[in-house]
Amino acid sequence: MVEGRNRFSTTSATESTLWSTRMFSFILKRLFSGIVVLLTVSALTFFLLYFAGGSIARNIVGDQASPEQVAAKEVELGLDQPLIARFASWLTSAATGDLGRSWFTSEPVAQALSSRIPVTMVMVVTAMLLIGILAALLGVAAAVKRGPIDRAVQVSAIIGDSIPGFVIGIVLVTLLAIQLKLFPATSTIAPGVGVDAWILSLALPVLALVLNGVAGGAQQIRSAVIKQLERDYVRTLRSRGISENEILFKHVLRSAAPAGLTVLSLQLIGMLGGVVIIEAIFALPGIGPLAVSSTSQGDLPVVMGVVIYTVAVVIVVNLVVDVINGWLNPKVRVS
Amino acid sequence: MSSSMAPLTPSSASFGQSGTVVRSSPFRRLLKNPMGLIALTVLIVMVLLAVFAPLLAPFDENFANISNTLASPDSTNILGTDSAGRDVWSRLLYGAQLTLLSALLCAAVAIAIGLPSGLIAGYYGGAFDATSNWVVSILMSLPGLIVLLAIRAAFGPSVWIAMLFFGILISPGYFRLTRSAVQSVRNELYVDAARVAGLSDSAIIGRHVFSVVRAPIIIQTAAVCGIAIAVQSGLEFLGLGDPSKATWGVMLNEGFKNVYLNSQLLLWPALAIGLTIGALVLLGNAVRDALEDSDQVREVKALDDAESANTAAAMGATSGVGDLHHAAPKPRTRASKEPPQVEEGTEHHLIKVSHLGVGYPQPDGTVKRVVDDVSFHVDRGEILGIVGESGSGKSQTAFSILGLLPESARIVAGSIQFDGSYTVAPSDDLVDQRRLASLRGKRISYIPQEPMSNLDPAFTVGYQLVTPMIRVLGISKAEAKERALKLLADVGIPHPERTFAAYPHEISGGMAQRVLIAGAISCEPDLIIADEPTTALDVTVQAEVLDLLRELQSRLNIGVILVTHNFGVVADLCDRVVVMQNGRLVEEGTVREILRTPEHPYTRTLLASMLEGKEPMTMLTAQTAPASGRGDQKEGLR
């Protein structure tokens, strides 16, 4: 407490420079630890995939190939090299943005990813925005009004928890696409198609993702808001004659926002996995099918690419959430 | 006034009753909860089906009758056959076996990793704690399904390997809950006592810590099994499962391939998955509810401080508020628009509390009374002390005057009038927020007990002082800032400009309490309610804050209600005292009377314990004015 007073800044100008320097070093620190995580995860994945080992070259060249052809393929892929050397060479080219080529299709991994990421990201971002808005509205309403809204949110959160997202997807595709034919059952997304094709193809998958996450998000935002409403300072603000609306929108929501954002960021991380299954159900040309085919074949460069992309998204999301939370909470800003 | 009052003595029948709520064991409460009972039944049925699958299944899981594919249900294949002519019912049963067992493996792995590491990290802290937290934060930021895809690429399609690794991925949940439970228990007195008694660490952990984490682990395990089944079925639905084994996910995959031919193939495994996960989620919730119920009964016993009142508020939200009317001593209606006139001859009192009763409706329909038949008044320039132990109802009385009781609280008897008009009329069962909104902050203000938690950490001290003045007094921002700086100087803050710009966490507790006092007097109130204003402060700071209160009170000629458990503070500051015990007022009088000749045994006990037998302070015996406690007699004190 006492040393805190030494850090006082008398003018707002110095305060804002201090704040931006602190934020800058904070972001640098987080980026650095993000890179450490990225390295750790890629090394772990690489070493794990090493166990898949031997039969890969045989799988690629086919059953009819001679042992010489298999051996030649192994040399070509660098499989004859020791593990550490292989990882080092993967890492050095990955650092320059070259993630190698698929062992099975020879397509450059970076290209395969970049053609598919937009589909997945459009879906995830749309679903997340919808979940964020709806969950915040429902959660705050449930916390403040209690009563029927509150019960509805709690019950649907339990239902949402009980049904896996992909089961919702299966139900939607069976009912609305296959039985009622309201939506295409498989994607019509292809290079050059119009926005309407995107909307039609993504409506059901996004709906499945939203239905899966919205009630749980709302329930957790509800408890974050209730926790803040029960804080002592809220009572003191009331005793000072501040209106309920001002207390809610200026004070309570601001303090509840970090918890709410963290809830949503965890949902987004979960959604990166869930969307793989959703893409399979709706036959969408996103990251999902690539992830599935590469893992079932043991296509190491592609698996590595998918893992790197996912972990990078997670790191960026966590960084953004941390920065916003730091901006909202002066205590984090100072320390 | 008295004619409109209900007879109060019989009402005390409900007082204290809820403390005798019969506490059943959590398990019995779980069975009484219909959700819990249904969930348990579904799970038991699933487990029985899985265990007796070899007896119940008419066919082997992989027995294929190629001449009878995609058959509709008949007497041989009661749920039909799949695209390879395999019996759906048999596969469902064997699928239950593998699905449930592998989910249990996942939970077991997660517990085996998370529980011991959480225990060690929580109990010993240090480097292990730091490292494991780092690992946990990495594990938690990995998208599980993607990792499992990579595992599948490395180790093949075995569901056991997938669930083993998923158990590792999901172990942070157990780690975190064990660690925080252990940390909270580690510093408890009884653990210290056990340590002093020479118990080894492992004995302490075994005896005290496990009893704390047991219930959360059951809840967590229900959730983990549900997630494991969902993730595993998801993987297998993608076609990454082992096709030679029947699991619900593999069946789902097979069904989805043939969705255009026979959508029933999809229905049965989806139903099994949904039912099982749903039952697990419901079970987790029911266990949590059952445990929370028993906690609440325990906490309600000490319903004075705000924290337990909040628990009551949470509880009241789930229970029917209407119950009150059956148990309350008399039917009380909502506040009418025009409150009745106060009794003649009492208008001159600044605040007058008459026969006040405050209660919390309980789930069993009774009303737990925390304030019962309390009457007192305060005039301008007078300081009234309300003394009592925690649990005596003194804070609840103060919050009724402010209209800041928890939502579930009800005024079950009596009235409160401020400056000649009712804020709680004799017929009201709630504090009228509309009437109080025009008084709070403006004419009645509040100094809280704990300085640091009563300032919003996200806003500067200045903002929190200026905004009420702008709202209540309608002055400009610049004017409000000027006043705020002067107020900060008035309450003895050495560098008002600095404190004005500071955030609450940047100032000390004593400073924060001065800021709160400045806030309380900022709009020139007529009555200040101070709830243990010095309890959270250092002894030296306490004296300064008391001096400040006395000085401000006499200068501004305001009425003060000082809620405290400390007779020292009362002797120092107050004109008159009321003593409260168990929600009732047991003694009332001038400070001198009460300190010199306490009549009620409880007052004597309080005095004996708090003053340690010392004579009342000399200042009081020499200078205090006689009893009536009017403001004009305050001069005597100064």
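B:T276 sits in helix α11 (residues 264–300) of chain B, where helices (H or I, at least four residues) and strands (E, at least two) are DSSP runs numbered from the N terminus. With a relative accessibility of 0%, B:T276 counts as buried; buried means under 20% relative accessible area, exposed over 50% and partly exposed in between, using a 1.4 Å probe and protein chains only. Leaving aside residues up to four places away in sequence, B:T276 touches B:L43, B:M46, B:L100, B:I229 and B:W248, a contact being heavy atoms within 4.5 Å.

This is a predicted model, in which local features need pLDDT of at least 70 and side-chain atom pairs count only at pLDDT 80 or more, while totals for chains, interfaces and linings use all residues. Residues are numbered from 1 along each chain as its sequence is written, chains are lettered from A and ligands numbered from 1 in the order in which they are written, and side-chain values use heavy atoms, with hydrogens and water left out.

**Helix α20 of chain B**
- The 18 residues of helix α20 (residues 539–556) of chain B should span 26 Å at 1.5 Å a residue, and the end C-alpha atoms are 26 Å apart, which agrees; the expected span is 1.5 Å times one less than the number of residues.
- Among the buried residues of α20(B) are B:V541, B:L549, B:R550 and B:Q553.
- The cover over the buried residues of α20(B) includes β3 (383–387), α17 (477–490) and α21 (567–573) of chain B.

**Cysteines**
- The whole structure has 0 disulfides over all chains, a disulfide being a pair of cysteine sulfur atoms within 2.5 Å.
- The closest cysteine sulfur to that of B:C225 is in B:C106, at 7.4 Å, too far for a bond.
- B:C225 is buried, with a relative accessible area of 8%, and B:C523 is also buried, at 5% relative accessibility.

**Cavities**
- There are 9 cavities of 30 Å³ or more, and the largest cavity has a volume of about 120 Å³.
- The largest cavity is lined by 14 residues, and those nearest its centre are B:P157, B:S158, B:A162, B:L235 and B:L240; on a 1 Å grid over the protein atoms alone, a cavity is a set of points where a 1.4 Å probe fits but cannot get out, and lining residues have an atom within 4 Å of a point.
- Volumes are the space filled by probe spheres set on the grid points, which are joined across faces, edges and corners.
- α9 (201–240) of chain B is one of the helices supplying at least two lining residues, and α9(B) gives the most, with 4 residues.

Conventions. 1 Å grid on protein atoms, 1.4 Å probe; cavity = no way out; pocket = protein on both sides within 12 Å on 5 of 7 lines; lining within 4 Å.
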